[in-house]
Amino acid sequence: MLIELKDINKTYYGAQPLHVLKGVTLGIERGEFVSIMGASGSGKSTLLNILGILDNYDSGEYRIDGKLIWNLSEKEAANYRNRLIGFIFQSYNLIGFKTAVENVELPLLYQGVPRKKRRQMAMDYLERLGLKEWAGHYPSEMSGGQKQRVAIARALITKPSIILADEPTGALDSRTSVEIMELLSELNRTENMTVIVVTHESGVANFTNKIVHIKDGMIGEIEANARHDASPFGAGGIMK
Amino acid sequence: MRDLINEIWSTVSGNKLRTALTGFAVSWGIFLLICLLGAGNGLMNAFMGNSDDFVKNSVQVWGGFTSKPYAGYKQGRWIRLDKGDASLLSGAEFSENIVDVSPTTSGRNVNLVYGTNSVRVSLVGVNPGFSNINKVNMSEGRFINPIDISERRKGIVIGTNTAKALLEGTRMQPKDLIGKWLKAGDQAFVVTGLFHTDESRMGGEAFAPFSTMQVIEGNGDNLGTIVFTTRGLETEKENEDFNQAFGSRIKSRHDADPTDERALWIWNRKLGNLRMTKAQNILATFLWILGVLTLVSGIVGVSNIMLISVKERTHEFGIRKAIGAKPGAILKLIVAESVTITAVFGYIGMLLGMLACEVMDRTIGQNSVNVGFTEIHILENPTVGLSVALEATLLLIVAGTIAGLAPARKASRVKPIEALRAE
């Protein structure tokens, strides 16, 4: 089991305490392509933050590859994020004053990889994603799909155990959305990469092999989706 | 290192106006600091330069008029130094502190005549050691030597401007006067040397052998001044005590009140220098404080701008942290940025400040002021040395670090989850 969540609870203490995750238990195997689906307010973003070691949980147990993720210092958390997890965000989250290749090599900078090797690896990943010619361009000079592919290259460059994608197609048109989802799917198939996609769109979830429904902070139905026919709107398309 | 430089370069070049405004505050601070220090140094160099003609540890003593009645005498009596005073000073009593005693006769105003020209000078009989103590710089010929003294020769040493005045209307150069006879009052002297004259040594005096002048004046044992060098007197207190000790001995020899300050004039240059050094240190400290206070406003400016910058870049730091930046890496980035801005603009300010000092040197530094009997420079070489530049560099780095520290801590504490939400 690559990811083990056992009875995870999380409450936000504001003016009114909000119990967001109510005992989530979930296991994800290495090489799975999973989507976590839920409406806004269902707790899926909180779950993603906990999975990504961006946030703490109040009680329960979270293990990656058997390692307990609990009470980490900022330094340790940063180290785990750097080595274990590749993030893909809805809004790409590229750094605006850095070129594509500089953005891609940034995680390696924090690993202390020498400059030349870093640049070489970043160029390799950009080439694999068909963005070799765009290496020297700034994010503002690229289309949404290109930016998301740069972000994917950045997520992949550290060879992480898990790819966490938070609404990866949220800002893209439907054609580009399909391209990005097919890219993730291909990564999962050819490289046996574990990919977790958080989304509220069933069309996006339909690309994945397993759909975990989350509602009101609890895991609901977990459907296997081997035939990719879960979308009520028909296979092959993403309804926007 | 190179990565850090690249990172800083990309953020700085992305915010040109902001960086320039911040930098200006720092440049201005350093500029003022350097100008202040330069002007202060100039002032001090001028003081020092104007007293440069004298050996630093010499003491000159001459008689005055008593201001207090003592031992049955009333006040207003002229104290005349004599040979007894000279032998007292060179004797065993003060041998620990006094090295080289050189008495002079009191100056005698005479007309020097050569051909048809004449110049009025004060002719002083001196010993060979006088030129060392009072730094008489010879331009031609030689100063009084021991043979002059023992044979009571009638040699004379005059200033170059005296020589020029004597040669007015002739085609001779001053150096041609060496070996020529001059008429001095009712005596004749042969010129043995010429000394340099400038603003601080006007050349209104001429020197002849002490023994010769004593005979000519016929006034027995009387002396004009006694000049000597001291040793082993390092502190202000030691010098004051020493002045007191030998002063009261001389005064009591002449039946003057030992506490009468006006009966005997003592010019202790070592003491003067010590006091001047103290004043210089106070002035330098004061200037540094002023300069540093000016710089502080620059630092506050940098810190302020860095805080705004950190606020604006919260999202970016969130991204960096999400992909694995440790808090220390963010801290380092911000501090390095702050130090870079401070150091680069500080250096610009420093170079401009040094330029301003050069301009000061070329303009005000060349002016001199007439203070009655002589001319002095107000500022001499008003520049700062390499050590000040190094100190300022160190100061800049420290300042930049301090300026960057608070914003950097803020940046390093950014929670990635909150930062990513801030869009």
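Contacts between and within the chains

Analyst: A salt bridge links the side chains of Glu74(A) and Lys321(B), with 2.8 Å from N to O. This pair runs between chains, from helix H2 (residues 74-84) of chain A, where Glu74(A) lies, to helix H10 of chain B, where Lys321(B) lies. The model is a predicted one, in which local features need pLDDT of at least 70 and side-chain atom pairs count only at pLDDT 80 or more, while totals for chains, interfaces and linings use all residues. Residues are numbered from 1 along each chain as its sequence is written, chains are lettered from A and ligands numbered from 1 in the order in which they are written, and side-chain values use heavy atoms, with hydrogens and water left out.

User: Why is the pair Glu74(A) and Lys321(B) called a salt bridge?

Analyst: The term requires a side-chain nitrogen of Lys or Arg within 4 Å of a carboxyl oxygen of Asp or Glu. Here the N to O value for Glu74(A) and Lys321(B) is 2.8 Å, so the pair meets the definition. In general, side chains of opposite charge can pair when their charged atoms come close.

User: What makes Lys321(B) buried or exposed, and what is Glu74(A) called?

Analyst: Buried means under 20% relative accessible area, exposed means over 50%, and partly exposed lies in between (1.4 Å probe, protein chains only). Lys321(B) has a relative accessible area of 0% and is therefore buried. Glu74(A), at 30%, counts as partly exposed.

User: How many salt bridges and polar contacts are there between chain B and chain A?

Analyst: Between the two chains there are 2 salt bridges and 6 residue pairs in polar contact, both residues being at pLDDT 80 or more. A polar contact is a pair of N or O atoms within 3.5 Å; within protein, one must be able to donate a hydrogen and the other to accept it, and residues adjacent in sequence count only if both atoms are side-chain atoms. H10(B) gives the most to the side of chain B that touches chain A, with 6 residues. Helices (H or I, at least four residues) and strands (E, at least two) are DSSP runs, numbered from the N terminus.

User: How do you know that chain B and chain A are in contact, and what area is buried between them?

Analyst: Contact means heavy atoms within 4.5 Å, and 24 residues of chain B are in contact with 24 residues of chain A. The area buried between the chains is about 2200 Å², with carbon and sulfur atoms giving 59%. Ile323(B), Lys326(B) and Ile417(B) supply 27% of the area that chain B buries against chain A, more than any other three residues. Buried area is the accessible area (1.4 Å probe) that two parts lose on being put together, summed over both.

User: Why is Asp55(A) called buried, and which residues is Asp55(A) in contact with?

Analyst: Asp55(A) has 15% relative accessibility and therefore counts as buried. Its place is in the loop between helix H1 (44-51) and strand E4 (59-64) of chain A. Leaving aside neighbours within four places in sequence, Asp55(A) is in contact with residues including Lys10(A), Tyr12(A) and Ile417(B). The side chains of Asp55(A) and Tyr12(A) make a polar contact of 3.1 Å.

User: What makes Thr104(B) and Thr225(B) a polar contact?

Analyst: The side chains of Thr104(B) and Thr225(B) are joined at 2.7 Å, so the pair falls within the cut-off of 3.5 Å. Thr104(B) lies in strand E2 (residues 98-104) of chain B and, with a relative accessible area of 3%, is buried.

User: Why can the pair Glu32(A) and Lys210(A) be said to tie together parts that are apart in sequence?

Analyst: The side chains of Glu32(A) and Lys210(A) meet in a salt bridge of 3.0 Å, N to O. Glu32(A) lies in the loop between strand E2 (18-28) and strand E3 (33-37) of chain A and Lys210(A) in strand E9 (residues 210-215), so the pair ties together parts 178 residues apart in sequence. Glu32(A), at 17% relative accessibility, counts as buried, and Lys210(A), at 18%, is buried.

User: What are Arg362(B) and Glu358(B) called, buried or exposed or partly exposed?

Analyst: Arg362(B), at 63% relative accessibility, counts as exposed, whereas Glu358(B), at 33%, counts as partly exposed. Both lie in helix H11 of chain B, 4 residues apart, about one turn of the helix.
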